[in-house]
Amino acid sequence: MNETVFLTLSGIVASGIFAQWLAWRTNIPAILFLLLLGIVAGPITGILDPDALFGDLLFPMVSLAVAVILFEGSLTLRFAEVRGLSHVIWRLVSVGMLVTWAVASGAAYLFVDLSPGLAALFGALVVVTGPTVIVPLLRSVRPKRAIATILRWEGIVIDPIGALLAVLVFEFLVMSARAQGAPWTDIFWLFAKVVAAGALLGFIGGQFLGQLLRRHLLPEYLINAVVLALVVTVFTISNVLAHESGLLAVTVMGIRLANMRGVPLDNVLDFKETLTILFISVLFIVLAARIDFATIGAVGFGALLVLAAIQFVAQPLKVWVSAIGSPLRWQEKLLIAWIGPRGIVAAAISGLFAFRLQAEGIAGAETIVPLTFIVIVGTVLIASLTAAPLARRLGVAEPEPKGVLIVGAHAFARALAQVLVKLGYRVILADTDYLAIRQARMAGLETFFGNPVSEAADRKLDLSDINFLLALSPSPELNALAVLRYEREFGAGNVFVLQTEGERSGSAKARLTEEVLGRRLFGETVTLEQLLSWVEGGGKISTTKLTETFDWAAYQKRLGTRGVVLLTVTPSGLLKVVDDHFALKPGAGWTVVALLAPEAVTALDEVASTTPPADPHTAAPAPSA
């Protein structure tokens with residue numbers, strides 16, 4: 001018996017992680033694979049019966065998992081960032097959310113015959129899109145940057161706001177059910193008690209945890225464990241004091257923690273993100289395995305009408321209202337309205353709410369889960385299968401990726417970035433050195449001030465047209481982390497690292513292992529210190545276009561040891577970065593980019609003067625160190 005339980009649990013975890021990996025490989029939201037696995041394991045084959053497997057533990061297990069998911073999501077809602085958003089994004093997560101709520105609720109009431117309360121709850125559940133389904137779609141669709149920015153930020157911000165709305169509607173529905181026949185004033189007082197208890201305990205819990213982290217009263221190795229313990233404690237105490245207020249409490253707790261100054265949250269966010277992925281992977285398979293095909297058949301054609309109302313009425317109406325007075329063209333508005341997949345919050349909370357509403361004896365509660373899952377699958381499939389060709393047809397899709405993320409913003413990185421921009425590439429410089437970032441911004445370069453492998457970078461860095469990483473940081477460890485983080489984004493063949501002098505000449509104990517070094521930039525002997533010294537000494541980055549008469553061999557002979565070839569660009573505009581395995585032989589029409597040693601600048605400038613007038617040689621002066 002025990003062996004069967006262990007095998008089942010192991011199978012759920014392994015299947016969930018496999019679905020996450022498959023989603024990464026295919027750029028399709030993981031939720032589709034997770035739901036498919038759950039349906040196959042549950043109602044189709046009968047291999048998994050969550051009620052028999054977990055028994056009385058199923059409800060508290062789902063409750064705690066949803067609490068952690070909501071807490072993690074609410075940690076991303078920083079009011080300072082919301083205030084800085086454009087009017088369109090702000091309207092989408094406020095007025096637009098209310099429009100979606102009204103349309104979805106009305107459709108559920110009309111087409112599936114839900115009660116007004118359940119219809120309002122369903123409408124609140126499906127207002128949320130969420131970054132976990134939006135981001136993979138944006139990578140495959142590749143819309144214009146304005147569209148990608150709007151969709152990505154809407155998903156980030158509406159995640160906790162929509163969850164809070166759904167929790168409030170649920171609390172009111174439960175209070176109404178328990179006070180049947182009571183005056184509306186009594187129901188509102190019960191509701192107010194639940195909201196007050198959840199909000200107060202959540203605020204106190206967030207304030208207390210924030211003080212612990214801000215004052216460094218916890219050892220590093222205990223931070224994540226303490227955070228998880230406090231989330232569970234606040235959730236439980238809140239539920240004891242005011243039944244069903246726990247979800248609101250952990251949501252408020254996360255929002256309060258996210259908006260406290262001086263609280264280090266990077267490690268907490270990383271841990272919670274990992275834990276959330278695990279919980280989501282298990283939770284979705286378990287919830288999908290409980291779906292009853294008879295219930296799906298009961299909602300039947302009405303569910304498709306609800307899906308159509310959300311996709312073809314709520315989405316366009318929401319975008320139209322939110323974009324009034326904006327410079328967005330109708331093609332851009334249409335694509336924004338078309339991409340509206342539902343995901344994590346809707347699926348996770350619907351299962352938990354259905355549990356609790358059925359326990360309260362509310363008729364029709366069993367319909368919430370299949371109806372929500374049909375909307376999730378429908379909206380994800382519509383966006384996944386049709387958004388990319390629609391974007392191309394409307395003329396709002398970006399061309400193939402043509403950009404470079406550079407880790408480091410020192411003098412050499414800035415000089416290289418300026419040349420790449422002149423060659424038509426988008427370049428982002430990422431660094432934690434504010435002075436270097438400030439100098440890059442003054443030079444007109446796009447920057448990201450912060451750790452390029454942080455959770456903030458995952459949320460804020462727009463990599464929709466970036467396909468190369470050049471890790472130029474003086475910190476080998478940061479370069480290695482950047483390689484591990486971005487090789488899954490760009491592919492191992494497009495991730496490069498420039499070694500430092502310490503790595504080249506240091507002992508084996510000091511050097512990092514080859515597995516995390518990536519492809520070595522500019523050859524085995526070139527170091528960051530050498531290139532920086534050339535730049536600071538007056539060296540320049542030159543661009544030379546090869547011709548039939550001045551070919552690759554002639555260029556190499558003239559350059560000799562007085563410069564380092566950095567990269568080449570094909571006549572069609574493809575970037576070929578030079579590394580220790582560079583074996584290409586550029587031909588006529590190729591552009592060669594090299595850093596010249598200070599003493600070689602004048603000599604190579606004379607050679608470059610032979611370049612035809614239509615394709616003049618240029619040498620970009622290096623910025624000051």
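Reader: Which residues have the most contacts inside the largest nonpolar core?

Author: A nonpolar core is a set of buried Ala, Val, Leu, Ile, Met, Phe, Trp, Tyr and Cys residues joined through side-chain atoms within 4.5 Å, where buried means under 20% relative accessible area with a 1.4 Å probe, protein chains only. In soluble globular proteins, nonpolar side chains tend to be buried together. Here the largest such core has 140 residues, and Phe122 and Phe353 have the most contacts inside it. Helix H10 (residues 145-178) gives the most to this core, 18 residues; helices are DSSP runs of H or I, at least four residues, numbered from the N terminus. Another core lies apart from it, with 41 residues, including Phe412 and Trp534.

Keep in mind that this is a predicted model: local features need pLDDT of at least 70, side-chain atom pairs count only at pLDDT 80 or more, and totals for chains, interfaces and linings use all residues. Residues are numbered from 1 along each chain as its sequence is written, and side-chain values use heavy atoms, leaving out hydrogens and water.

Reader: What is phenylalanine 122 in contact with?

Author: Contact means heavy atoms within 4.5 Å. Skipping neighbours within four places in sequence, phenylalanine 122 touches Ala104, Val306, Ile368 and Val375, among others.

Reader: Why does the span of helix H2 agree with its length?

Author: The expected span is 1.5 Å times one less than the number of residues. The 15 residues of H2 (residues 30-44) should therefore span 21 Å, and the end C-alpha atoms sit 20 Å apart, which agrees. Its buried residues include Ile31, Phe33 and Gly38. After H2 comes glycine 46, with a positive phi near 75°.

Definitions and conventions: Buried < 20%, exposed > 50% of the residue type's maximum accessible area, 1.4 Å probe, protein only. Helix = DSSP H or I, 4+ residues; strand = E, 2+ residues; numbered from the N terminus.
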